[in-house]
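User: Please walk me through this one. Keep it brisk.

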Amino acid sequence: MSTVGEVTRAALRARRPELWRLAGWSLAEALPAGLAGLLTARAVDDGFLAGRPMTGLAWLGLLAVAVLVGALGTNRAYALLGAVVEPFRDDLLRRVVGGALAGATGGRGDDAAVARLTHQVEMVRDTYAGLLMVVRGFVFAAGAAVVGLISLAAPIALLVTVPVLAGLGLFAAALPAMIARQRQYVLADERLGRVAVTAVAGHRDVTVSGARARTVRWLGRYVDAQARVERRLAVMAATRGLSLAVGGWVPVPVVLLATPWLVRQGLGPGAVLGALVYVVRGVQPALDTLVQGVAAGGLRFAVTLDRLLRAGEAVHTRPPATARVPLPTPRPSAPALSLRGVTFRYGPHADPVLDGLDLDVPVGDHLVIVGASGIGKSTLAGLIAGVLSPQSGTVRVGGVPVAGVPPAELAGRRVLIPQEAYVFTGTVRENVTYLRPDLPDTTITRAADRLALTGLLDRLGGYDATLRPAEVSAGERQQLALLRAWLSPAPLMILDEATCHLDPATEARLEEAFAERPGTLVVIAHRLSSARRARRVLLLDGRAALLDTHQGLLDRSAAYRELVGYGQEEGVRSSPTPGRSAPLPAGYAHRSSP
């Protein structure tokens with residue numbers, strides 16, 4: 001497994017030209033720290049104390065010029081920081097995203113992986129940038145101050161350097177304990193996050209079963225454990241304070257106590273004042289920034305990056321569950337989609353959303369799934385697509401079980417377009433062809449013509465125009481995603497309210513086009529008008545799963561008649577039957593010919 005040091009060194013080596021430019025501007029930034037004491041000494045000894053105030057002001061004027069150069073160096077150094085840090089963040093994101101996707105392909109995503117992606121990667125990026133600037137600042141500022149002290153008098157440099165090195169040594173000796181405390185804190189934080197997610201996800205079951213007090217006590221143990229780790233982490237602040245006292249403050253009384261001896265050696269008052277300037281304005285702030293920065297951001301960087309690397313390595317080295325079953329060739333005689341005894345619930349003690357569901361969808365069918373909001377339509381779509389795993393039962397696409405099939409191969413059998421369509425920053429061509437990147441433009445144009453989306457592509461600037469998600473409306477994103485699905489090789493299309501941001505006429509046009517596309521179409525209805533266009537309709541009403549034609553359900557189901565009556569003018573989610581419905585009886589999905 002790659003270590004934190006190896007990954008950090010590799011990242012720095014990869015940005016060597018930018019680091020050299022950063023070092024050059026850091027020298028300019030350190031110019032005031034290197035000249036402050038020397039120019040102050042000259043201004044005092046050769047100017048003000050010698051009765052030549054204009055000479056003293058001239059020396060201070062040179063110091064002002066050095067400050068301006070240093071300000072320019074600071075500005076350019078921070079401008080270069082992004083060129084060093086952002087590529088490191090991008091590489092880390094690729095590692096973590098790969099791990100999170102690999103861990104989520106068997107069903108529900110890993111909450112800890114999501115937390116790492118959204119929080120810990122940004123923490124590593126920020127602390128990496130801060131650590132880089134802190135170490136850079138200390139090296140150049142303290143180095144410039146030491147050079148300035150030597151230029152004043154070598155004995156003064158020796159008096160200052162010894163306690164500074166002692167403080168650094170004390171801090172370095174305490175670092176392993178600090179890292180251990182920080183690692184304990186990160187682990188405690190992750191454990192608390194996981195149990196908190198579990199408690200919140202099961203809050204209804206907790207309330208119904210009267211287990212609120214027991215759950216609070218269970219969660220409280222993790223809160224208390226994190227608090228104990230935080231207290232131990234706070235104790236390490238005393239060590240940091242001692243390091244700063246030895247390295248940053250001890251040099252001041254040392255120089256003051258040595259002043260009579262220094263004067264006897266021929267140094268003027270200005271030289272002693274200049275030495276104190278170097279200590280107070282150069283060494284001390286640089287050491288304080290280094291200790292505080294490394295103790296805070298540096299420890300978080302090392303521990304959090306180590307956690308991310310270990311998690312990513314665990315995902316990539318363990319035998320992947322998705323690779324244990326190769327994808328067989330679909331049987332020509334098999335249904336496009338088949339569910340047998342499928343049961344799914346969100347949590348081990350929750351009521352099942354689907355219970356023992358059986359369903360067959362023949363090749364070439366056009367099935368629309370309807371039901372009240374929250375009844376389980378999108379859950380069923382996730383099970384069909386293989387992004388959710390049932391607690392029992394099997395889901396087959398083309399006669400092949402979706403469980404255990406590698407995601408890349410499964411993507412060749414089915415496409416799921418969710419309600420919130422996904423587009424990314426890239427060209428229009430890259431967005432619509434990433435399921436089949438080898439397609440020629442002529443094929444894309446024919447598909448866009450069939451879906452009547454050429455006007456949208458023209459408005460976006462054509463295939464080579466850069467697409468930015470923030471500049472595209474929700475409806476435009478859905479249309480681009482539908483074009484992408486049309487171009488994919490998958491024979492099974494699953495549209496999960498994929499047209500909810502479109503007007504009814506556009507929705508009807510697109511659904512009719514997809515119904516004529518070779519293959520099988522499953523639609524989670526946003527409007528009841530989708531059911532009228534379907535070959536068959538599956539009704540989920542919380543008590544049963546009924547499968548028939550639109551007219552057949554009107555004749556046999558009061559629940560469907562009620563749903564149609566309330567859903568003619570609005571989306572399906574406006575059904576007057578809100579709330580959590582009872583679980584479906586086992587095997588109650590009827591199959592009938594239209």
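Analyst: At 1% relative accessibility, Gly167 counts as buried. Here buried means under 20% relative accessible area, exposed means over 50%, and partly exposed is in between (1.4 Å probe, protein chains only).

User: What sort of model is this, and what are the ground rules?

Analyst: The model is predicted: local features need pLDDT of at least 70, side-chain atom pairs count only at pLDDT 80 or more, and totals for chains, interfaces and linings use all residues. Residues are numbered from 1 along each chain as its sequence is written, and side-chain values use heavy atoms, with hydrogens and water left out.

User: Back to Gly167. Where does it sit?

Analyst: Gly167 is in helix α6, residues 154–201. Helices (H or I, at least four residues) and strands (E, at least two) are DSSP runs, numbered from the N terminus. Gly167 is 9.6 Å from Val291, C-alpha to C-alpha. In sequence, the two are 124 residues apart.

User: Next, helix α1. Which residues are buried there?

Analyst: Val4, Val7, Thr8 and Ala11 are buried in α1, which covers residues 4–14. Looking down the axis of α1, these buried residues fall within an arc of 95°, so they line one face of the helix. The arc is that of the directions from the helix axis to the C-beta atoms.

User: Why do residues three or four places apart point the same way?

Analyst: An α-helix has 3.6 residues a turn, so residues three or four places apart point the same way.

User: Switching to the surface. Which residues make up the nonpolar patch?

Analyst: Phe48, Met54, Leu57 and Leu60 form it, with about 390 Å² of accessible area together. Patch residues have over 30% relative accessible area and no salt bridge; like charges are joined within 9 Å, nonpolar side chains (Val, Leu, Ile, Met, Phe, Trp, Tyr) within 5 Å. Areas come from the Shrake-Rupley method with a 1.4 Å probe, and for residues only the protein chains shown count as cover.

User: Which helix gives the most to it?

Analyst: Helix α4, residues 53–104, with 3 residues. Met54 is in α4. It is exposed, at a relative accessible area of 62%.

User: How many salt bridges are there?

Analyst: The count comes to 14 salt bridges. The rule is a side-chain nitrogen of Lys or Arg within 4 Å of a carboxyl oxygen of Asp or Glu.

User: What about Arg125 and Glu86?

Analyst: Their side chains meet in a salt bridge, 2.9 Å from N to O. Arg125 is in helix α5 (residues 111–152) and Glu86 in helix α4, so the pair ties together parts that are 39 residues apart in sequence. Glu86 is partly exposed, at 30% relative accessibility.

User: And Glu511 with Arg533?

Analyst: That is a salt bridge too, at 2.9 Å from N to O. Glu511 lies in helix α18 (residues 504–516) and Arg533 in helix α19 (residues 529–533), so the pair ties together parts that are 22 residues apart in sequence. Glu511 is buried at 3%, whereas Arg533 is partly exposed at 24%. Salt bridges that share partners join Glu507, Glu511, Arg527 and Arg533 into one network.

User: Now sheets. In what order do the strands of the open sheet run?

Analyst: The 4 strands go β2-β1-β4-β5, with antiparallel pairing. The edge strands are β2 and β5 (400–401), each pairing on one side only. Two strands pair if DSSP finds at least two bridges between them.

User: Is β2 enclosed or open?

Analyst: 7 of the 8 residues of β2 are buried, so it is largely enclosed by the rest of the structure. Asp360 is in β2 (residues 354–361), and it is buried at 18%.

User: What does the side chain of Asp360 contact?

Analyst: It makes a polar contact with the side chain of Arg340, at 2.8 Å. A polar contact is a pair of N or O atoms within 3.5 Å; within protein, one must be able to donate a hydrogen and the other to accept it, and residues adjacent in sequence count only if both atoms are side-chain atoms. Arg340 also has a bridge partner in β4, Thr394.

User: Last one. What does β9 pair with?

Analyst: β9 pairs in the parallel sense with strand β6 (residues 414–417) over 4 bridges. It also pairs in the parallel sense with strand β10 (residues 520–524), over 5 bridges. Leu416 has Ile494 as its bridge partner in β9, and Leu495 stands opposite Val523 in β10. 5 of the 5 residues of β9 (residues 492–496) are buried, so this strand is largely enclosed by the rest of the structure.
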